[in-house]
Amino acid sequence: MMDILADISQHLAQGDHERVSQLTKKALEQHTSPEEILNKALIEGMNVVGTRYRNHEIFLPDVLLAAKAMYAGMDVLRPLFLKGGIPTSGKVVLGTVQGDLHDIGKNLVGIMLKGAGFEVIDLGSNVAPEKFIGVAKQEDAGVIGMSALLTTTMPVMGRVVELLKREGLTHRIKTIIGGAPVSEKFAAEIGADAYGYDSAHAIECIKELMNEV
Amino acid sequence: MKKTIRMKADDVKPERNCFLNGLGIVPGRKRSERTEAILDRAMQLFLASCHPIGMISEVSIPEFEVLYHGEGLNEEETPLDLIFRKADTLAIFAATLGSEVSERIDELFKSFEFALGSMLDSVASEGTERAVDRLEEEFFDWLVRKGRVGHSAGILRYSPGYCGWHMSGQRKLFEFLHPEEIGITLLESFIMVPLKSITGVMVVGRKEIHQFEDSYPFCKECRTHSCRDRIRKLMGVSAVQNPEGGI
């Protein structure tokens with residue numbers, strides 16, 4: 001059984017989505033549990049990819065190919081998890097803040113979060129502060145992730161943190177911010193819980209934040 | 001001079017190595033065949049979906065002073081504030097690749113083609129810069145032909161949102177130039193649509209006027225310090241000659 005899980009993991013790291021899909025089906029035929037395939041093959045494979053990316057052994061396109069392969073495996077497993085939903089490492093609400101339409105960075109974080117086993121609720125771009133909070137409350141999300149590419153839209157991030165404080169939710173909903181003009185200093189100024197320098201770093205921060213909620 | 005310039009996609013096609021950095025790819029390092037294939041496909045999609053167009057309008061120093069002041073939100077001291085006053089000639093510009101390329105990028109992400117989508121995004125960002133390069137060349141050649149500047153003069157561009165020039169500067173710039181004529185609109189948050197668009201000012205004059213130290217307070221927040229490369233290139237100094245980054 002371990003061989004096929006390692007095989008899936010390896011093909012995932014190579015970004016071979018067709019093979020990952022085939023092998024996932026094969027593993028199920030061999031009575032491997034969906035949870036085991038998810039955790040020991042797909043998420044484990046993405047963890048390896050994440051480590052290699054952080055060590056500069058592979059590049060972003062390789063990570064994104066691996067993510068597509070993971071999605072292919074997940075597509076096979078999803079119907080089997082329908083009753084209780086896919087087990088996740090936590091829920092994250094993501095969005096590009098109000099006034100801003102740049103969403104590539106936010107998309108990359110979302111893709112990598114899903115690869116790390118998180119459930120991602122992507123609100124898209126131009127997201128109002130109230131919507132971030134409303135959806136996070138409704139979905140019982142542990143983290144709100146906000147992206148901005150312009151100095152003019154960065155203040156919206158502060159408004160989200162302020163609203164969370166006003167509603168007394170900062171102990172159960174953590175915030176992380178990212179984007180070209182954003183910095184660790186700015187995160188501290190507005191009271192955000194973390195600043196993700198890039199997509200890989202954001203995933204590490206969110207993993208830590210999830211432990212605090 | 002006020003001119004609208006249509007370009008061919010091929011004229012703004014970026015060099016491969018120019019956009020690899022944005023994807024975390026170290027130029028010179030071996031890339032997988034799969035990555036190479038995606039690069040080729042991204043380039044094909046770029047050529048098929050970008051429709052570059054730009055406009056330039058000369059502006060006097062007093063006129064630009066008003067434009068640059070914008071909504072009064074610039075940093076107190078900025079390099080451009082010192083540079084533009086020493087210019088021989090200024091021109092404001094806008095360029096865009098059109099909306100189709102952004103639509104293709106969105107479609108690729110929605111269909112889980114993440115690697116190709118992000119690659120096309122990087123190619124398009126670099127392609128937008130190349131479109132402005134073409135405008136710069138056109139403007140500079142015109143100035144030389146008219147005998148207004150010599151070949152030894154230099155041209156560099158600056159845009160709102162960088163180096164202390166506040167994003168809100170876009171408003172006055174739009175009021176003066178009317179980039180709507182080439183399909184660019186400005187949102188309340190000063191974002192331009194289509195996203196792959198650039199506006200700014202081209203500063204023509206002695207190359208030396210562009211030299212400045214990257215020690216302004218806002219430089220600490222800058223991730224790229226790309227001004228160093230731009231000035232080096234203008235002055236004809238290679239990074240190898242000047243590894244410490246000083247100009």
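This is a predicted model: local features need pLDDT of at least 70, side-chain atom pairs count only at pLDDT 80 or more; totals for chains, interfaces and linings use all residues.
A contact here means heavy atoms within 4.5 Å. Residues are numbered from 1 along each chain as its sequence is written, chains are lettered from A and ligands numbered from 1 in the order written, and side-chain values use heavy atoms, with hydrogens and water left out.

**Confidence**
- The complex gets an ipTM of 0.81 and a pTM of 0.86 from the predictor.
- Chain B averages a pLDDT (the predictor's per-residue confidence, from 0 to 100) of 90, and 95% of its residues score at least 70.
- Over residues 239–247 of chain B the pLDDT is below 50, though this stretch still has eleven contacts in the model beyond near neighbours in sequence.

**Nonpolar cores** (buried Ala, Val, Leu, Ile, Met, Phe, Trp, Tyr and Cys joined through side-chain atoms within 4.5 Å; buried is under 20% relative accessible area with a 1.4 Å probe, protein chains only)
- The largest core has 95 residues, and A:Leu12, A:Leu42, A:Leu113 and B:Phe139 touch the most other members.
- Another core lies apart from it, with 32 residues including B:Tyr158 and B:Val203.

**Strand E7(B)**
- Nine of nine residues in strand E7 (residues 197–205) of chain B are buried, so the strand is largely enclosed by the rest of the structure.
- B:Val203 in E7(B) is the bridge partner of B:Leu156.

Definitions and conventions:
Buried means under 20% relative accessible area, exposed over 50%, partly exposed in between (1.4 Å probe, protein chains only). Helices (H or I, at least four residues) and strands (E, at least two) are DSSP runs, numbered from the N terminus. Two strands pair if DSSP finds at least two bridges between them.
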